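Trainee: I would like to learn how to read the features of a model like this one. Please take them one at a time.

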Amino acid sequence: MSASPAPRVVLLDIEGTTAPISFVHTVLFPYARTHLPRLIEERRTDPVVKDALAETERLAPGVSPLEQLERWMNEDAKVAPLKALQGMAWAEGYKRGELLATLYPDVVPTLEAWAHAGIELAVYSSGSESAQKLIYGHTAQGDVTPLFSRFFDLRVGGKKDAESYRAILRETGWQNDDVLFLSDVTAELDAAAQAGLRVCQIVRPEDGTVAGSIFPVAGTLPEAGALFGLPGTGQA
Ligand SMILES: CSCCC(=O)C(=O)COP(=O)(O)O
Ligand SMILES: [Mg+2]
C-alpha cells in the first residue's frame with residue numbers, strides 16, 4: 001500500500017489487537033475484581049500495594065481506596081494504580097495455574113516471523129508492564145516475552161495522548177516513521193499518528209470492532225503486515 005520502506009519497529013496494543021476483548025473482560029477483569037480486596041488486605045505492606053493505595057487516595061481524595069478502585073473497574077478506567085493492583089492479582093492467578101493467556105491464533109506465528117526478519121517488537125498497553133509480561137509469559141505456546149524488546153505502560157502516559165508516543169520515541173531513539181503502531185482503538189491511532197508514527201487499525205470480527213475511515217484497517221496481524229511490507233509466516 002505504501003511506497004515507504006517497511007517499518008523497523010512494530011509497537012502493539014494488547015486488548016483487541018493481540019488478545020480477544022472477551023478474554024480481558026470475562027476472564028482477567030473478573031479475576032482481579034474477585035481477588036483484589038483480599039490481596040490488598042493481605043499485602044497491605046507490599047510497596048506496590050502501598051504506592052497504589054496512596055496514588056488512589058491522591059487521585060480521589062475523600063473516597064475509600066477500595067470504593068474508588070471498584071468505581072474504576074466499573075468504568076474500565078485506565079489508571080495506573082488500578083492497573084498495578086490488577087497486575088498483582090493476575091500474577092497470583094498465573095502462578096496458581098488459574099489463568100492462561102488467550103491470544104488470537106495469528107499472533108505468535110506472525111510475531112515470530114517478524115522478529116526472525118529483524119523487526120523490533122514492543123508492547124504499549126494500559127495493562128502494567130508486569131501484566132504485559134505475564135500475559136505473554138503464559139500463552140498456549142509458552143513464554144513468548146523474549147520476542148519483545150520493550151514494554152510500555154501508563155507510566156509513559158495515556159494511549160490517547162500524542163505526547164505518550166513522543167515520549168516513547170525519545171526514550172527509544174526510534175524514528176517516528178520507522179514505527180508501525182497497531183491498535184483496535186482509533187483514538188489511540190489518532191494520537192500515535194499525530195506523533196508521526198505509522199498506524200493500522202486491527203479490526204477483529206470476533207471483538208465487534210468498528211472500522212474507522214481514516215487509517216488502514218486489517219483483520220489480523222499478517223494482514224496488517226502485508227499492508228506495510230512486513231514478512232508473512234510463509235503459510236497461506
Ligand atoms: C496486559 S493485559 C490487560 C490489559 C488491560 O488491563 C487493559 O486495560 C487493556 O489495555 P490495552 O491498552 O491493551 O487495550
Ligand atoms: Mg486495545
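Mentor: Begin with domains: their bounds come from an automatic or database domain assignment. Here domain 1 covers 9–19 + 101–227 and domain 2 covers 24–96. Their centres, taken over C-alpha atoms, are separated by 24 Å. This is a predicted model, where local features need pLDDT of at least 70, side-chain atom pairs count only at pLDDT 80 or more, and totals for chains, interfaces and linings use all residues. Residues are numbered from 1 along each chain as its sequence is written, chains are lettered from A and ligands numbered from 1 in the order in which they are written, and side-chain values use heavy atoms, with hydrogens and water left out.

Trainee: What area is buried between domain 1 and domain 2?

Mentor: Buried area is the accessible area (1.4 Å probe) that two parts lose on being put together, summed over both. Between domain 1 and domain 2 the figure is about 910 Å², with 73% from carbon and sulfur atoms. On the domain 1 side, Glu15, Leu134 and Leu154 supply 47% of the area buried against domain 2, more than any other three residues.

Trainee: Which side chains meet in a salt bridge?

Mentor: A salt bridge is a side-chain nitrogen of Lys or Arg within 4 Å of a carboxyl oxygen of Asp or Glu. The count between the two domains is one. Glutamate 15 and lysine 78 form a salt bridge through their side chains, at 3.9 Å, N to O.
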